Amino acid sequence: MQSWSAPDVPSLPGRGRPLRLYDTATDQIRPTAPGPTAKIYVCGITPYDATHLGHAATYLAFDLVQRVWLDGGHDVYYVQNITDVDDPLLERAQDTGSDWVALAERETDLFRQDMAALRVLPPKDYIGVVEAVDEISDTVAKLLADGHAYRLGEDIYAGVADSGHFGYESRYSREEMLTLFAERGGDPQRPGKRDALDALLWRGRREGEPFWESAVGPGRPGWHIECSAIAFNRLGMGFDVQGGGSDLRFPHHEHSAAHAEALTGQWPFARHYVHAGMIGLDGEKMSKSRGNLVFVSKLRGARVDPMAIRLALLDGHYRADREWTGGRLPAAETRLATWRRAVQCDRAAHGQDLVDRIRDRLADDLDTEAAISAIDRWAANTLERRQAAAEAQSPALVRNAIDALLGIRL
Ligand code: 5CA
Ligand code: ZN
């Protein structure tokens, strides 16, 4: 699939910092340790509705991961999928009397425009499930051939016992897993499964549903295997970060990892599992199914500056569940205006200390709030001209650092 256009990332003087990130699997903030090319997979959208601020916040968190790595001198190999055939999409198309392919194309296109406007770095490989059906069905065929999967009627399931490590990623008890599996697209009650937690790999052809002829018969891919196959085939095993919102902690990331681990006999799938908190509105998670959404495209259509949206979403820790309240956007607009005035001063407060501070704070599990506070103090000092004349310098360095590290163009 076509990705979106990449924003410029200015390079900064001095050294970037090694990035430490919270890893769900080990419940620790641990250093990431990428090679010359850092490898990251971030789960993409299911394109049945427009990008809301919850999606945007999650993609922004992983955008910062890339920016810190780039600043540290790494190249980044970023892969993202599009779940462009799945039950929620087909249901929405049916309910609205639209063609599912056209619906997915329209919403994916809007997502690309939203991401570009927010200056999110695009994935190198942006892969729709529809274009990856062959590689996914080949993966299912191999799991079957190796005895890690079984047929149930027209469908194919993966055995949770087959990865050898099932449960390590989410660390939930079996009871918690059973509850979440039922809530998030699983089918623990289906008779005939070897284990209630076994996940659907391949959904055999059903009347009225799209299907593809494949190595394992006609049908369409299950959800988790799409991310296993798309990630594994490009990044291999043991890539640096598997990312998504916290609602993907289980079952999605657990099963995606388990499928790839059963397939290869290697462990782990990813070295860090990183999860962004949920953005809520009126006390509830913002979600398509609840309908309590604030869309990025709506705000853009109302001529809100995308940099203010970006700043509003970064003013909060990425891992915290947080509320989108009416005051967030005006506060970000005011802050943005202040920062813009400060970088237009011909003599600004010394910038290198601020750059060091931003680097330190972001490298520590993406502490955007502390980075933003540091910029606020710099802007206040600059505007009040409290700095000693000897320390004053051009604000270009700060402008570039805010652009490169936070993705905010002033
Ligand atoms: N296509 C799958 C992943 S393979 C999917 O979950 N799609 S999605 O469109 O439902 O969500 C896309 C991303 O946005 C996921 O990482 C999800 O965890 C995240 N997300 C969804 N709702 C919110 C929210 N309210 N706050 C923060 N992140 C969210
Ligand atoms: Zn995924």
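Trainee: Which residues of helix 12 are buried?

Mentor: This is a predicted model. In helix 12, the buried residues are Thr368, Ala370, Ala371, Ile372, Ala374, Ile375, Trp378, Ala379 and Thr382.

Trainee: What covers the buried residues of helix 12?

Mentor: The cover includes helix 1 (53-71), helix 9 (306-314), helix 10, helix 11 (351-363) and helix 13 (396-406).

Trainee: What follows helix 12?

Mentor: Arg385 follows, and its phi is positive, near 50 degrees.

Trainee: What makes the contact between Asp376 and Arg335 a salt bridge?

Mentor: The cut-off is 4 Å between a side-chain nitrogen of Lys or Arg and a carboxyl oxygen of Asp or Glu. For Asp376 and Arg335, the N to O distance is 2.7 Å. That lies within 4 Å, so the pair counts.

Trainee: Which parts does the pair of Asp376 and Arg335 tie together?

Mentor: Asp376 lies in helix 12 (residues 368-384) and Arg335 in helix 10 (residues 328-343), so the pair ties together parts that are 41 residues apart in sequence.

Trainee: Why is Asp376 called partly exposed?

Mentor: Buried needs under 20%, and exposed needs over 50%. Asp376 has 25% relative accessibility, so it counts as partly exposed.

Trainee: How do you know that Arg361 and Asp367 form a salt bridge?

Mentor: Their side chains meet at 3.4 Å, N to O. The limit is 4 Å, so this pair passes.

Trainee: Are Arg361 and Asp367 buried or exposed?

Mentor: Arg361 is at 17% relative accessibility, so it counts as buried. Asp367 is at 18%, so it counts as buried too.

Trainee: How many salt bridges does the structure hold?

Mentor: The structure holds 31. One of them joins Glu209 and Arg220, with the closest N and O atoms 2.8 Å apart. This pair links distant parts of the chain. Glu209 is in the loop between strand 8 and strand 9 (219-221), Arg220 is in strand 9, and they are 11 residues apart.

Trainee: Why do Glu209 and Arg220 get their accessibility labels?

Mentor: Set each value against the 20% cut-off. Glu209 is at 22% relative accessibility, so it counts as partly exposed. Arg220 is at 2%, so it counts as buried.

Trainee: Which residues are linked with Glu209 and Arg220 in a network of salt bridges?

Mentor: Asp87 and Arg203 are linked with them in that network. Arg203 sits in strand 8 (residues 199-204).

Trainee: What makes the pair of Arg203 and Glu209 a polar contact?

Mentor: Their side chains are joined at 2.6 Å. Beyond four places in sequence, the residues in contact with Arg203 are Asp155, Glu209, Pro218, Gly219 and Arg220.

Trainee: Now the metal. Which residues coordinate the zinc ion (ligand 2)?

Mentor: Cys43 through SG, Cys227 through SG and His252 through NE2, at 2.0 to 2.3 Å. The donor limit for this metal is 2.8 Å, so these distances qualify.

Trainee: Why is the site of the zinc ion (ligand 2) called tetrahedral?

Mentor: The angles among its 4 donor atoms are 104 to 119 degrees. Four donors count as tetrahedral if all angles lie between 85 and 135 degrees. These angles do, so the label holds.

Trainee: Why is Trp69 called buried?

Mentor: Its relative accessible area is 2%, so it falls under the 20% cut-off. Trp69 is in helix 1. Its contacts beyond four places in sequence include Leu19, Pro34, Ile40, His74 and Val241.

Trainee: Why does Ser3 count as buried?

Mentor: Ser3 is at 17% relative accessibility, so it is under 20%. It is found in the segment before strand 1 (20-23). A polar atom of the Ser3 side chain lies 3.1 Å from the backbone oxygen of Pro123.

Key
Residues are numbered from 1 along each chain as its sequence is written. Chains are lettered from A and ligands numbered from 1 in the order in which they are written. This is a predicted model: local features need pLDDT of at least 70, side-chain atom pairs count only at pLDDT 80 or more; totals for chains, interfaces and linings use all residues. Side-chain values use heavy atoms; hydrogens and water are left out. Donors are N, O and S atoms within 2.8 Å of the metal (3.2 Å for Na, K and Ca); water is not among the atoms, so sites may look incomplete. Four donors count as tetrahedral if all angles lie between 85 and 135 degrees; four count as square planar and six as octahedral if opposite donors are over 155 degrees apart and all others between 65 and 115; anything else is irregular. Helices (H or I, at least four residues) and strands (E, at least two) are DSSP runs, numbered from the N terminus. A polar contact is a pair of N or O atoms within 3.5 Å; within protein, one must be able to donate a hydrogen and the other to accept it, and residues adjacent in sequence count only if both atoms are side-chain atoms. Contact means heavy atoms within 4.5 Å. Buried means under 20% relative accessible area, exposed over 50%, partly exposed in between (1.4 Å probe, protein chains only).
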